[in-house]
Amino acid sequence: MNVIILSAIWGVLMMYVGFITKNKNVPTYVAIAGIILLLVVNWMEYLGMFFFNVDTKGMLEYDSFSLIFNQVILFSTLVYFLLSGSQVSSFKNNVSDLYALIFFIITGISVVAGFKSLLMLFIGIEIISIPLYVLAGSEKSNLKSNEAALKYFLMGAFSTGLMLMGIAFLYGNAGTFMLEGIQIGATEITPMLSIGLILLLCSMSFKVSAAPFHFWTPDVYDGSPTVFTSFMATIVKSAAFFAFFKLFQNAFGNIREEWGILVAIIAVFTLLIGNITAVFQQSFKRMLSYSSIAQAGFMLLGVFAMNSFAKQGLILYFAAYSLATIGIFAVLAKFKDHSIEAFNGFAKQYPLVALGMLICILSLAGIPLTAGFFAKYYMLLGVIEHGNMIWLAIFAVICAAVSVYYYFRVVQAIYFKETTIQADVTFSKPFAYIMLANAGLIIVLGIHPDWLLSYLNI
Amino acid sequence: MFTAFDNFPALLIWLPLIGGLLSFLLKKEGMARIVSMASSLLSVVVVVASMIYAKPEHALLNQVSYAWLHGLGSSFSFLLDELTKTLCLLTAIVFPIVLLVVKKNQYKNEHIFFGLLMLTQCGLMGVFMAADALVFYFFWELALIPVYFLSSIWGGEKRIKATFKFFIYTFIGSLLLLIGILYMYLQTEDQSFSIVSFYRLQLTAQQQFGLFFLFFSAFAIKMPIVPFHTWQPEAYEQAPTPVTMVLSGVMVKMGVFGVIRWLLPLFPLAVKEFNGPIILLISVGMIYASLIAIKQDSLKRLIAYSSIAHIGLMAAGVFALKDIAMQGVILQMFNHGINIVALWVVADMIEKQTGVCKISELGGIATKAPVLSVFFVVAAMANIALPLTNAFVGEFMIFNGLFNYNPWIAALAGISIILSAIYTLNMIKNVLYGSTNSVTEGFTDASTTQIIVFSILVSFILTIGIYPEPLLNVIKTASSIPLFPFK
């Protein structure tokens with residue numbers, strides 16, 4: 001609750017910052033201060049200190065899972081601001097508005113983190129989506145950015161429509177929007193319930209860009225300004241996954257046997273399409289969009305398994321994936337040329353930044369000693385514990401091996417190839433240190449994930 | 001008084017790790033070499049000390065463990081028993097030799113080169129000593145990463161492609177291994193990754209069959225067994241020679257070791273079911289690899305294919321499930337490490353001086369470089385497993401076991417030994433003898449450092465060949481645990 005209200009207030013505050021000062025760096029500092037404040041108040045809520053007491057009639061409820069998720073999201077946003085803040089402030093005007101939109105998205109994410117009612121889910125998802133449409137189109141003079149925004153808007157509106165229809169069916173079946181009410185009623189399956197479930201499954205798959213509902217993803221991620229692609233592909237995607245998991249656990253957990261196979265099939269398609277298509281990409285940015293689809297396939301395994309391993313694993317996955325992807329995008333955003341060749345010989349020019357990026361890539365590929373390994377590890381453990389579906393785990397690791405192929409193309413370019421195009425990029429010292437700190441954090445989580453997961457009371 | 005023993009395994013992990021990390025930081029010329037040399041020599045001392053002081057009856061005390069992932073039932077635990085000691089000794093001996101082979105200023109950014117080499121050593125020691133499946137998996141992967149970077153940065157012309165193939169192959173194998181480990185973990189009663197809990201598991205035949213293939217694929221790729229071998233010749237050829245020595249001398253033993261330590265005791269039913277076809281596959285593969293070796297013109301590729309045949313023999317020996325063969329395999333793992341490193345030293349010298357490694361372009365080196373030639377002949381004899389060389393003892397024991405298992409299979413595998421004589425002697429003849437040509441005209445003999453390397457290797461080859469007793473005493477009891485379920 002602390003975060004919802006304070007982030008909304010801070011968003012409004014951000015808009016006023018634009019009036020007060022014309023200095024472009026000030027909004028970044030104010031935003032960083034705001035995120036740190038949110039991190040603190042969220043932690044206080046975890047420790048049992050509440051600033052606001054709003055009676056939501058049980059529609060919002062925060063347990064340790066929600067709060068730790070919030071903490072991960074807020075921390076990732078902090079890293080995002082630290083690394084990409086300079087890119088946001090390089091926009092011609094309305095810098096503070098862009099930050100304000102990001103804070104509103106965080107409000108939406110906090111609503112999603114605690115929803116106990118389908119209404120709250122819908123409101124949360126909408127609060128996240130609408131500012132995102134604006135962010136996707138924030139490069140007004142760029143046609144691709146406009147296209148991305150429109151595409152994202154149409155697809156988003158379509159999937160929201162599906163979601164509303166699904167919610168309506170569920171309401172018709174159970175007579176309530178509360179998840180508990182639906183869960184109790186869900187033990188026997190009526191046609192209305194199954195239609196509602198499938199509609200919600202489709203719309204959530206849209207939101208997390210799972211195949212076969214992924215077609216918007218590459219275009220939108222590729223067309224949007226790189227700074228905001230980074231935000232969309234990590235933090236927002238994590239939030240969508242959290243909603244997916246929570247909805248299906250709390251509303252349909254009892255009839256898992258019925259829909260489990262559907263999620264498994266979606267996961268298989270997502271892994272296959274994401275990984276195979278990523279192999280053929282020449283543009284680094286597009287490759288990362290497909291890799292984000294592939295990573296979504298792995299996270300879907302958590303939704304499929306839906307046990308305590310999956311719960312811990314998803315939290316770790318959000319952290320590992322977001323930190324690594326934000327790091328990579330922060331470097332990529334400085335390049336004008338988004339092809340992989342642009343990175344040839346990068347390590348010789350900027351050894352520290354390259355090292356940070358290397359660890360981010362290794363983490364995405366799931367190499368041991370990085371957080372990405374344990375993220376995948378928990379997903380596999382969850383699937384294997386579920387039983388009878390070992391083939392799914394085997395399929396997933398084969399896809400993980402394919403993913404090594406395209407991730408390591410970047411490693412090869414950075415470390416083993418000679419410089420071909422002299423890219424005119426500069427990295428400041430602080431940027432390099434933050435990259436390294438981020439990489440260090442990824443390694444710490446890769447050696448001892450318990451430091452994060454022990455806070456979950458599962 | 002046992003506290004000293006407890007620390008042996010920990011020391012073997014920490015020494016190379018610290019040596020490696022220090023090397024990264026020491027940019028000053030030559031410093032990294034001294035640090036890594038010191039740490040690798042200290043490892044030798046530790047291994048030798050552990051062999052002298054830690055008697056078999058203390059094997060269980062010879063463990064060290066740190067709490068790691070409490071929630072997951074994994075602890076950072078290592079053990080040092082007879083099997084492990086032999087392989088740790090090999091690892092410890094190979095690395096100083098490798099460091100000696102690297103010339104001054106041969107590689108750019110020397111400190112990173114040495115640092116990565118030491119990290120490889122750390123990973124290998126971890127694989128051999130791990131007493132916890134998750135730790136085993138961790139080190140199994142970690143040994144691979146520095147090698148990937150070493151080969152890709154300092155390797156030959158086609159290094160990126162060759163090394164990448166190697167990486168992808170082993171990565172797929174190890175991921176399958178991971179699934180197997182996770183499945184077993186969920187079956188254990190106390191939810192633990194410890195090797196003791198794994199050994200205690202009673203799995204049904206059905207479960208064992210599936211798990212057997214998950215584990216075996218990882219080990220088979222690493223060894224490599226035909227038809228999983230295609231990464232190997234290219235990787236050996238393209239990697240810088242010091243790395244090739246580590247790869248072929250120590251790293252491929254990870255596969256054989258994995259079979260002995262994990263596969264046999266864990267899945268006895270599956271092993272009994274499948275060992276016949278596997279031995280047959282391996283024997284055919286050995287002949288296939290030997291035939292290809294005969295046709296090779298590249299010195300490096302010849303050694304690479306010959307290595308496939310030799311490793312195949314060890315793998316066949318393991319699956320024969322006989323005490324004598326198992327002891328032979330453990331001894332032979334050590335011997336093969338020494339012998340193949342010796343061959344690479346020669347190949348490296350020849351290539352560095354002449355710039356070619358095509359056998360057809362060489363000739364007449366014996367007249368120009370007598371010391372090198374003598375050494376080369378000794379190494380080649382050891383490769384054929386002639387009596388008085390170390391490999392004779394090991395391969396004799398393996399064949400003894402194989403013959404007990406099935407005389408026909410032993411005969412089939414024996415063909416590859418005959419073939420190995422053909423290609424090895426052919427290589428000797430064409431490289432050392434004949435008339436000198438423009439390429440070998442200016443060939444000079446070994447330097448002092450190289451003679452030191454030679455004498456270390458030759459002394460191992462001959463000592464074990466003539467008096468294998470001390471090493472055999474260490475190995476004697478090592479076959480009891482892996483073969484226990486089959487008695």
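Colleague: How many residues of chain A are in contact with chain B?
Modeller: This is a predicted model, in which local features need pLDDT of at least 70, side-chain atom pairs count only at pLDDT 80 or more, and totals for chains, interfaces and linings use all residues. Residues are numbered from 1 along each chain as its sequence is written, while chains are lettered from A and ligands numbered from 1 in the order in which they are written. Two residues are in contact if their C-beta atoms, placed from the backbone, lie within 7 Å. On chain B 21 residues take part, and on chain A the number is 22.

Colleague: Which element gives the largest share of the side of chain B that touches chain A?
Modeller: Helices here are DSSP runs (H or I, at least four residues), numbered from the N terminus. Those giving two or more residues to this side are α5 (133–142), α6 (144–154) and α7 (159–187) of chain B. The largest share, 12 residues, comes from α7(B).

Colleague: How do the axes of α2 and α3 of chain A cross?
Modeller: Axes are lines fitted to C-alpha atoms over the stretch in contact, and angles run from 0 to 180 degrees between N-to-C directions. Helix α2 (residues 25–46) and helix α3 (residues 64–88) of chain A have axes that come within 10 Å. They cross at roughly 170°.

Colleague: Why is α2(A) described as it is relative to α3(A)?
Modeller: The crossing angle is roughly 170°. Angles over 145 degrees count as roughly antiparallel. Therefore α2(A) is, relative to α3(A), roughly antiparallel.

Terms used: Parallel < 35°, antiparallel > 145°, perpendicular 65-115°, else oblique.
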